[in-house]
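Please keep the picture open while you read, and find each residue as it comes up.

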Amino acid sequence: GSDVTVFYARDVNDSRYDTTEHKGLPPGPISTVSDSTLGAVAFPAKTSWLYFVTGDNGKTYFSKTFEQHQRNIDKYCHKLCS
């Protein structure tokens, strides 16, 4: 699931983009596509990170397991993730 799709669905009043309610990818892009985003999709970074959260301080925290991810949310995200 992705909070980004939930926020986008709310902003555009289109629940088909809400990936917490609908399986799979949303029906279209959820932001402006650029050369750098296409490059990131075509050539993803080689990493073992599966989760990320951006904390209240604007810093992004990555984790390998859901348990680590939940700890990062609990530690770094109090206002923006609620």
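The numbered points below go from the overall layout to single residues.

1. Before anything else: this is a predicted model, where local features need pLDDT of at least 70, side-chain atom pairs count only at pLDDT 80 or more, and totals for chains, interfaces and linings use all residues. Residues are numbered from 1 along each chain as its sequence is written, and side-chain values use heavy atoms, with hydrogens and water left out.

2. Start with the layout. The protein chain has three helices and two strands, and reading along the sequence gives the pattern α-α-β-β-α. Helices (H or I, at least four residues) and strands (E, at least two) are DSSP runs, numbered from the N terminus. Taken along the principal axes, the C-alpha atoms of the protein chain fill a box of roughly 30 × 30 × 25 Å.

3. How much of the protein chain is buried? Of its 82 residues, 17% count as buried. Buried means under 20% relative accessible area, exposed means over 50%, and partly exposed is in between (1.4 Å probe, protein chains only).

4. Now look at strand S1, which covers residues 51-54 and contains Phe 52. Is each of them buried or exposed? Phe 52 counts as exposed because its relative accessibility is 51%, whereas Val 53 has a relative accessible area of 7%, so Val 53 is buried.

5. Together with Trp 49 and Phe 62, Phe 52 makes a nonpolar surface patch of about 350 Å². Patches are made of residues with over 30% relative accessible area and no salt bridge; like charges are joined within 9 Å, and nonpolar side chains (Val, Leu, Ile, Met, Phe, Trp, Tyr) within 5 Å. The areas come from the Shrake-Rupley method with a 1.4 Å probe, and for residues only the protein chains shown count as cover.

6. Which residues line the second largest pocket? They are Trp 49, Leu 50, Tyr 51, Phe 52 and Phe 62. The space in this pocket is about 260 Å³. A pocket is found on a 1 Å grid over the protein atoms alone, as an open set of points with protein on both sides within 12 Å along at least five of seven lines; lining residues have an atom within 4 Å of a point. Grid points are joined across faces, edges and corners, and the volume is the space filled by probe spheres set on the points. By class, the lining has five nonpolar, no polar and no charged residues. Here Ala, Val, Leu, Ile, Met, Phe, Trp, Tyr, Cys and Pro count as nonpolar, Asp, Glu, Lys and Arg as charged, and the others, Gly among them, as polar.

7. Next, the charges. Side chains of opposite charge can pair when their charged atoms come close. The structure holds two salt bridges, each being a side-chain nitrogen of Lys or Arg within 4 Å of a carboxyl oxygen of Asp or Glu. One joins the side chains of Arg 10 and Asp 11 at 3.9 Å, N to O, and both of these residues are exposed. In the other, Arg 16 meets Asp 14 at 2.7 Å, N to O. Asp 14 has a relative accessible area of 17%, so Asp 14 is buried.

8. Asn 13 lies in the loop between helix H1 (3-12) and helix H2 (35-42). Phi of Asn 13 is near 55°, a positive value in a residue other than glycine. With 72% relative accessibility, Asn 13 counts as exposed.

9. Ser 48, in the loop between H2 and S1, is 16 residues from Lys 64 in sequence and 6.1 Å from Lys 64 in space, C-alpha to C-alpha. Ser 48 is partly exposed, at 41% relative accessible area. Leu 80, in the segment after helix H3 (66-76), is 42 residues from Leu 38 in sequence and 27 Å from Leu 38 in space, C-alpha to C-alpha. Leu 80 is exposed, with a relative accessible area of 55%.

Definitions and conventions:
On a 1 Å grid over the protein atoms alone, a cavity is a set of points where a 1.4 Å probe fits but cannot get out, and a pocket is an open set with protein on both sides within 12 Å along at least five of seven lines; lining residues have an atom within 4 Å of a point.
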